[in-house]
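User: I am new to this structure. Please take me through it in short steps.

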Protein chains: 2
Amino acid sequence: MGQTNPPFMSGVPELLLLRLLEQREMYGYELVKAIKIVTGESISLGEGVIYPVLHSLERGGALKAKRKKVAGRTRVYYSLNAKGKTRLSRLQDEWLRIQSGVTAALGGTADA
Amino acid sequence: MGQTNPPFMSGVPELLLLRLLEQREMYGYELVKAIKIVTGESISLGEGVIYPVLHSLERGGALKAKRKKVAGRTRVYYSLNAKGKTRLSRLQDEWLRIQSGVTAALGGTADA
DNA sequence: AACGATACCTTGAACAAAAAGGTATGTCAA
DNA sequence: TTGACATACCTTTTTGTTCAAGGTATCGTT
């Protein structure tokens, strides 16, 4: 009985992060802004969400962190490695599964 | 500072329950099976999820409970009341919002 | 010097979800 | 008649995400 499933629908923040980092390396503060933009303002995640997820993904070996000094400020750039790609792929599948399930449930008997 | 936002993506189980109960009254055990069916097997929620949600919705005044004896067994039928409809509507909007956000994020640069 | 934006971070609390168990009745086959 | 399985209710415990709220420090601009 070792493994427990993740709390149903969590992992959306994680999914978004991984998806963005798949395209190019980015740093935390940048990701906060980017998520607002790519989701068309419909999702907004604070730094209190982003940083912990970033750290936990790095600890888990899904991300590689690289410190850079830019204009006097320190940025921590993250990029996907193999494990991260696998994880992205899994989360994406899971999201698709949930999405289709909910859509099916909402669609039945449209009542219109 | 009174109000805190709901834990991002939760409420999917609740949404599914409310959606089903909008169509007809049902009892807990029935809902467990029904969810598997209407979601095309993509979502499966155990009794340990269903019952607590049902109870909390009833406590919150979103559901009305009615005990019935059928074939020697006791069933608790739940139905939506006004508050429940409002809540369903709100959860549905929220789901749509999240869904469109994630879809937008996943869609960008399809990489195909 | 003060302010806002950048950029990192942590702590605390809240709460949902999952797993696992526990009770009891009915039905059916061996 | 005993055992197994489906029905039908329920709770407790654990886990983990997410959130708000704070805290540090640098830079540019006014």
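Analyst: We begin with a term. Contact means heavy atoms within 4.5 Å. Keep in mind that this is a predicted model.

User: How many residues of chain A are in contact with chain B?

Analyst: The cut-off is 4.5 Å between heavy atoms. By that rule, chain B puts 29 residues into the contact. The number for chain A is 29.

User: How much area do chain A and chain B bury between them?

Analyst: The size of an interface is often given as the accessible area lost when the parts come together. Here 69% of that area is on carbon and sulfur atoms. The total for chain A and chain B is about 2,400 Å².

User: How many residue pairs are in polar contact across the interface of chain A and chain B?

Analyst: Salt bridges do not contribute here: the rule finds zero between chain A and chain B. For polar contact, both residues must be at pLDDT 80 or more. The count of such pairs is eight.

User: Which element gives the largest share of the side of chain A that touches chain B?

Analyst: Two elements of chain A give two or more residues to that side, α1 (12-23) and α4 (82-107). The largest share is 13 residues. It comes from α4(A).

User: Which strand of chain B pairs with β3 (residues 73-80) over two bridges?

Analyst: β2 (residues 63-70) of chain B pairs with β3(B) over eight bridges, antiparallel. L63(B) stands opposite L80(B) in that strand. The two-bridge partner also runs antiparallel to β3(B), and its Y27(B) faces Y77(B). That partner is β1 (residues 26-27) of chain B.

User: Which residue takes a positive phi in the hairpin of β2(B) and β3(B)?

Analyst: Two residues lie between these strands. One has a phi near 55°. That residue is A71(B).

User: How many residues surround DNA strand D?

Analyst: The closest are Y27(B), Y29(B), E47(B), R75(B) and V76(B). Sugar and phosphate make up 67% of the DNA atoms that come within 4 Å of the protein. By class, the surrounding residues are 12 nonpolar, nine polar and five charged. The number around DNA strand D is 26.

Key. Residues numbered from 1 in each chain as written. Chains lettered and ligands numbered in written order. Predicted model: local features only at pLDDT ≥ 70, side-chain atom pairs only at ≥ 80, totals over all residues. Heavy atoms only, no water. Buried area = accessible area lost by both parts, 1.4 Å probe. Salt bridge = Lys/Arg side-chain N within 4 Å of Asp/Glu carboxyl O. Polar contact = N/O pair within 3.5 Å; in protein donor to acceptor, adjacent residues only side chain to side chain. Helix = DSSP H or I, 4+ residues; strand = E, 2+ residues; numbered from the N terminus. Pairing = 2+ DSSP bridges. Near = heavy atom within 4 Å. Nonpolar A, V, L, I, M, F, W, Y, C, P; charged D, E, K, R; others polar.
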